[in-house]
Amino acid sequence: MANDLELVDVVKKFGAFTAVHGVNVAMPQGEFFSFLGPSGCGKTTILRMISGFIDPSAGAIRLAGRDLNGIGPNKRPTALIFQNLALFPLMSVADNIGYGLMVRGVAASERRKVVDRMLELIALKGYGDKRIDELSGGQKQRVAIARALAVEPKVLLLDEPLSALDLKLRQHMRHELRALQRRTGVTFIYITHDQGEALAMSDRVAVMSQGRIEQIGTSTEIYNNPQTAFVAAFVGENNALAGKVTAADYGYGAIETAFGKLRAANPRGMKPGEASVLFVRPERVRLAEAKAETGSDNVIESPVLDGVFEGPVANILLENLGSERPITVTLANDGATPRVSRGERRRVRFSPDDAILLPPAGAAHGAGGHA
Amino acid sequence: MSEAIRRFGAGGVAAILAGVAFWAIMLIAGPMLLMVDLAFRPYLPNPADVGGPLDVHTVSNFAKVFLDDLNWRVFVKTIYASITVTIISLLIGYPLSYILVRSTKSGWVGILMIGLLIPFWVNEILRTFAWQLLLARYGFINTTLTAMGLIDEPIQFTNTDFGVQVGLIYAYILFMIFPLYSTMESLDPNQVDAARDLGAPFWRIHWDIVIPHTKPGIASGCIVTFMLAAGSYVVPELLGGTRAIWFTKLIYLQFEAINWNLASAYGFTLVVLCLLFILLMMAVFRVSLKDIAR
């Protein structure tokens with residue numbers, strides 16, 4: 001499509017420190033794409049390179065096939081929404097929204113039309129004459145989006161714009177952002193460390209760690225089929241059981257852990273003898289009754305450390321042999337949640353299809369790089 | 001207030017307030033009011049007449065000040081020269097402050113600040129003498145320019161209004177830079193980046209974002225620099241000599257002639273006219289007192 005954005009082997013070095021290691025990603029026009037990662041993973045550096053505030057040390061950023069290198073942020077068809085919004089406090093709401101058009105020399109009458117249309121888009125009709133400090137947090141948010149969209153950018157970049165809002169408003173703004181993106185058809189590139197935000201809004205998510213993209217995929221792919229131990233551990237809750245692969249066949253593998261031999265899916269094709277980590281989601285682990293038939297399920301028995309009731313779910317924490325992090329079992333509060341007492345030994349079970357074998361974190365960055 | 005009473009006791013608070021009141025009333029307001037009173041009384045050479053029937057309130061001193069054509073010429077020159085000094089200080093100070101603010105992150109700001117401050121550890125008179133050496137007929141600047149073959153004859157810098165203005169800019173530019181720096185520092189750098197991202201070229205970012213934000217600092221820097229330049233005595237005395245006369249020199253000449261009454265009238269006139277001028281400028285540039293106090 002016409003306005004696809006491509007990052008090709010993009011590298012950014014600050015002195016001896018490499019913030020971004022050869023990132024490759026292509027975003028078709030109209031996609032809601034998120035970069036998800038902990039602070040310092042390089043996602044903000046990528047954002048500032050796309051917006052033009054810094055140039056890549058190597059590689060290219062292309063929009064509709066055109067290399068953007070050397071084009072300053074004021075000449076790029078991208079617009080950035082800052083973490084603190086950076087609205088101009090000395091200007092009215094209308095002047096803020098119309099600012100990009102004013103500096104482009106658009107006539108006042110034309111500008112007013114665009115501003116009115118934008119105010120309607122963000123459901124703040126009639127707010128044009130208000131001062132910025134008269135607005136609520138959510139309204140400021142919407143004005144910042146309108147100000148960026150008024151210049152009709154091909155790509156809208158958002159730098160954790162929801163982080164300053166309280167929880168309820170944040171969840172509401174997720175829906176609003178997503179709806180706005182669908183209505184305008186503009187490519188949204190969203191930067192966040194909040195996996196809930198990334199998974200809820202995005203068409204695709206790139207999970208980043210230490211300047212590298214660990215995995216790119218839809219929310220379900222990222223959550224259900226993590227490709228690396230980092231993604232498995234960073235996105236959502238996951239139980240990790242470390243061990244050594246003892247057998248591998250037909251897409252499954254066996255791993256010898258402190259709890260004995262367990263079976264799991266083996267999508268990365270790990271071979272016997274390799275160090276590995278078995279991941280299984282807490283909601284996929286179930287309590288096993290003492291004498292019940294377990295079939296081909298993996299079974300673990302361990303003392304209960306604690307039970308935590310959280311309303312819709314209850315978590316049972318079991319001691320994890322050889323690790324500080326307990327094994328968590330998440331049970332839906334369906335009215336029949338069993339009682340557990342501290343210190344009591346409980347058996348839990350999970351299907352090999354719900355568990356996954358991955359190389360330990362850090363081992364993934366071999367000479368081969370990434371798929 | 002209650003916090004202060006708890007810490008220092010009622011007596012302690014009373015003592016502090018009394019000290020401040022004494023300082024403000026007796027040492028600042030008192031002498032000023034005395035000067036105003038003196039300005040409105042005739043000069044009586046015979047001390048016995050002071051407080052007698054001849055010592056009445058009159059505007060005769062002011063009549064002398066206003067009716068003398070020379071006074072007006074010197075006053076207008078002083079104001080005009082002070083305006084140029086203020087404008088040039090602003091033109092130098094604004095980019096300098098912006099560079100200082102933008103280099104805060106790099107760690108250079110400390111060194112730059114010290115570089116600005118060290119010359120001001122030296123007494124103002126000594127600094128002005130240094131400029132006399134630079135600007136003199138056979139001083140550093142003239143000999144350098146002659147040696148480079150740029151000029152044949154030395155340029156007359158000292159004893160000219162130009163020389164005085166150079167000295168004044170140097171003497172008072174920090175009073176311009178500091179208010180500019182402190183207001184600019186409070187500007188969120190993201191505002192500058194946001195304007196740039198929306199397509200604003202360099203000059204528009206300054207015109208639309210940085211200057212409006214810095215307006216209170218510009219106003220207070222300009223007022224202080226203007227008042228100091230218009231009220232400076234040492235710099236015009238040393239660099240202007242007998243040819244470039246400042247209004248302060250006229251005030252001094254009356255004190256020297258022991259006519260304190262006329263001297264007070266000159267001084268009072270300068271203060272009031274400068275204040276009126278500043279209020280006029282504030283109205284023209286739409287700056288309110290609230291902006292300056294911000």
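Into which domains is chain A divided? Chain A splits into domain 1 (5–224) and domain 2 (238–358), with bounds from an automatic or database domain assignment. This is a predicted model, in which local features need pLDDT of at least 70, side-chain atom pairs count only at pLDDT 80 or more, and totals for chains, interfaces and linings use all residues. Residues are numbered from 1 along each chain as its sequence is written, chains are lettered from A and ligands numbered from 1 in the order in which they are written, and side-chain values use heavy atoms, with hydrogens and water left out.

**View 1. The two domains of chain A.** The centres of domain 1 and domain 2 of chain A, taken over C-alpha atoms, are 40 Å apart.

**View 2. The interface of chain A and chain B.** Contact (heavy atoms within 4.5 Å) joins 24 residues of chain A to 17 residues of chain B. The size of an interface is often given as the accessible area lost when the parts come together. Here the buried area is about 1700 Å², and carbon and sulfur atoms give 57% of that. Buried area is the accessible area (1.4 Å probe) that two parts lose on being put together, summed over both.

View 3. One salt bridge is counted between the chains. The side chains of A:Arg48 and B:Asp193 form it, at 3.1 Å from N to O. The rule asks for a side-chain nitrogen of Lys or Arg within 4 Å of a carboxyl oxygen of Asp or Glu. Nine residue pairs, both at pLDDT 80 or more, are in polar contact across the interface. A polar contact is a pair of N or O atoms within 3.5 Å; within protein, one must be able to donate a hydrogen and the other to accept it, and residues adjacent in sequence count only if both atoms are side-chain atoms.

**View 4. Helix α11 of chain B.** The helix spans residues 247–256, and its buried residues include B:Phe247, B:Leu250, B:Ile251 and B:Gln254. Buried means under 20% relative accessible area (1.4 Å probe, protein chains only). The buried residues of α11(B) pack against α3 (69–102), α9 (202–230), α10 (234–240) and α12 (260–284) of chain B. Just after α11(B), B:Ile258 has a positive phi of about 60°. Helices (H or I, at least four residues) and strands (E, at least two) are DSSP runs, numbered from the N terminus.

**View 5. A:Thr192 in strand β8 of chain A.** The strand covers residues 187–192. A:Thr192 is buried, at a relative accessible area of 1%. Leaving out residues up to four places away in sequence, A:Thr192 touches A:Phe35, A:Leu36, A:Gly37, A:Lys43, A:Glu160, A:Glu197 and A:Ala198.

Key: Buried means under 20% relative accessible area, exposed over 50%, partly exposed in between (1.4 Å probe, protein chains only).
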